[in-house]
Amino acid sequence: ANEEFTGNLKRQLAKLFDVSLKLTVPDEPSVEPLVAASALGKFGDYQCNNAMGLWSIIKGKGTQFKGPPAVGQALVKSLPTSEMVESCSVAGPGFINVVLSAKWMAKSIENMLINGVDTWAPTLSVKRAVVDFSSPNIAKEMHVGHLRSTIIGDTLARMLEYSNVEVLRRNHVGDWGTQFGMLIEYLFEKFPDTDSVTETAIGDLQVFYKASKHKFDLDEDFKERAQQAVVRLQGGDPVYRKAWAKICDISRTEFAKVYQRLRVELEEKGESFYNPYIAKVIEELNSKGLVEESEGARVIFLEGFDIPLMVVKSDGGFNYASTDLTALWYRLNEEKAEWIIYVTDVGQQQHFNMFFKAARKAGWLPDNDKTYPRVNHVGFGLVLGEDGKRFRTRATDVVRLVDLLDEAKTRSKLALIERGKDKEWTPEELDQTAEAVGYGAVKYADLKNNRLTNYTFSFDQMLNDKGNTAVYLLYAHARICSIIRKSGKDIDELRKTGKLALDHADERALGLHLLRFAETVEEACTNLLPSVLCEYLYNLSEHYTRFYSNCQVNGSPEETSRLLLCEATAIVMRKCFHLLGITPVYKI
Ligand code: ARG
């Protein structure tokens, strides 16, 4: 059959084996094809592992087959002929090794070169998702944990968007709660004329927060006024509302600077947004019999947890959990999201597990976290300094994100100047490259780790131009671009008309890796693991290096085909960069 590449090699092969399973063992219709990429690649590119399991099912039922290898042979025999498969062989106890056709692989890459890499986008079964990420707290520090959430959340959103999911990027900022009482009272004290308060007047909100907290802890009178201020604010008193809005605005301007640098887009729907709906949602849970009285508070008891989930405090106020339950209700019912993803440090895992469980009990969600509507908590570990302790800078005890990004840029600019680039490039080029490399390095160093583990923040490591770093990868991409430029060929023309062949073993291995791009993105999405994509990208550059050192490109008889392979590699690398939120570099 004439077969188009549909983006997922594994699934496409599984479909063929499904046909042969139905033909070989018509009495076992429920057996699913087991297809996996081969680890070694020596005997084949993929393998089908059904024969052994199938044998144990059918051996007692008077089968004609004499053992698992014979089952394997039969499966191969009834495999529909396909352009995609070059050959199959049965090995050992019955593994079926599949060798893909190099011709088919080459043609599939040619198609991508003509029609664009978006034709390789995976299709997921969800239409709309919420990614709740970044979500700092007003007036408190936006710390490196929020940086991790911002970077990881943005990448997840980008991968889902590439997979044709509509993503609602939500910044669930902490803009409500009792701390506003003291902040507002302190504001009134320092600035009796609230209208005249500007960002510069307050200066640093974190310092302002600390000062007000200090006063709150020491001064009984102030404390009392602060507590009344909360009541007034929540009751909607316009003077208090206005002061609250002012404080939020100042924070917002600060946050926006970080987002702008990182080129991250987010829509703020803070905790306060859900406030008008909370009472109704808690009443719904109450009417379902979930809510009980406990020591003056209203709580939900959940199996498997030592403590109940508090949804109304003893003073009648709402809390973090009541807001999150309400936000979930809103996202499911008003926004019609089928998948809701929360990105925070692992320290909050219990909170998420508890309110997810409460939502399942209420019948809002199915009983597992794989079927839709689906919720997932994407937890991540701590950022550590090189001393192995929680990451802090010397001067202040918190790390200012803007300073951190500044330093990454400054350092990468220095490295470029050391290589004499300030003499070759315009100041703009130098600046843009320094920024792309510096910010890219910060993002990649975060994303490449399994997100659950703690990671050590080290400028020296992340800005190294060797090893698994953004710098190395960005330069690798720029080098490919320069090879293409040096050929003097019109690559856009070549993309449309040129023929590609994968005759050399290293060309073939690179081509196969390129074709695995879509299934990798799909895996990274379904398992919510950006590190899977980073690993793919790093391996891609390794495959490319092997190809480039063993196959001459410019001036060889295979020049056209090999230039196309270079171009395909550059395209897929750029798509990876894009999904990781990294700006590519074209010159080094
Ligand atoms: N503002 C919280 C914090 O800084 C994170 C909010 C995460 N999102 C949520 N829906 N709970 O810890």
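A: Terms to start: helices (H or I, at least four residues) and strands (E, at least two) are DSSP runs, numbered from the N terminus. By that count, the protein chain has 23 helices and 14 strands. This is a predicted model: local features need pLDDT of at least 70, side-chain atom pairs count only at pLDDT 80 or more, and totals for chains, interfaces and linings use all residues. Residues are numbered from 1 along each chain as its sequence is written.

Q: What does the C-alpha trace span along its principal axes?
A: About 85 × 75 × 40 Å for the protein chain.

Q: And how much is buried?
A: 41% of the 588 residues. Buried is 20 or more other C-beta atoms within 10 Å of the residue's own, exposed is 12 or fewer, and partly exposed is in between; C-beta atoms are placed from the backbone.

Q: Which domains is the chain divided into?
A: Domain 1 (9-100), domain 2 (179-262) and domain 3 (401-579). The bounds come from an automatic or database domain assignment. Taken over C-alpha atoms, the centres of domain 1 and domain 3 are 37 Å apart.

Q: What does UniProt place at residues 11-100?
A: The feature "domain: Arginyl tRNA synthetase N-terminal", from an unreviewed entry. UniProt positions are in the numbering used here, feature names are shortened, and annotations may be inferred rather than shown by experiment. That span is 37% helix and 21% strand, with its end C-alpha atoms 14 Å apart.

Q: What about 473-588?
A: The unreviewed UniProt entry annotates those residues as "domain: DALR anticodon binding".

Q: On to the ligand. Which residues are around it?
A: Asp132, Ser135, Pro136, Asn137, His172, Gly174, Asp324, Ala327, Tyr342 and Thr344. The cut-off is a C-beta atom, placed from the backbone, within 6 Å of the molecule.

Q: Which elements supply at least two of the shell residues each?
A: Helix 12 (320-333) and strand 11 (339-345).

Q: How does the shell split by class?
A: Three nonpolar, five polar and two charged residues. Ala, Val, Leu, Ile, Met, Phe, Trp, Tyr, Cys and Pro count as nonpolar, Asp, Glu, Lys and Arg as charged, and the others, Gly among them, as polar.

Q: Which residues does a cis peptide bond join here?
A: Tyr372 and Pro373, with omega about -5 degrees. Pro373 sits in the loop between helix 13 (349-361) and strand 12 (374-380).

Q: What is the phi of Ser134?
A: About 70 degrees, so positive, although Ser134 is not a glycine. Ser134 is in the loop between strand 5 (128-132) and helix 5 (144-162).

Q: Is Arg263 buried or exposed?
A: Exposed, because 11 other C-beta atoms lie within 10 Å. Its phi is also positive, near 55 degrees. Arg263 lies in the loop between helix 10 (238-262) and strand 7 (267-268). Ser134, by contrast, is buried, because it has 29 C-beta neighbours inside 10 Å.

Q: Last one: in what order do the three strands of the open sheet run?
A: 8-9-10, with antiparallel pairing. Two strands pair if DSSP finds at least two bridges between them. Strand 8 (291-294) and strand 10 (309-312) are the edges, each pairing on one side only.
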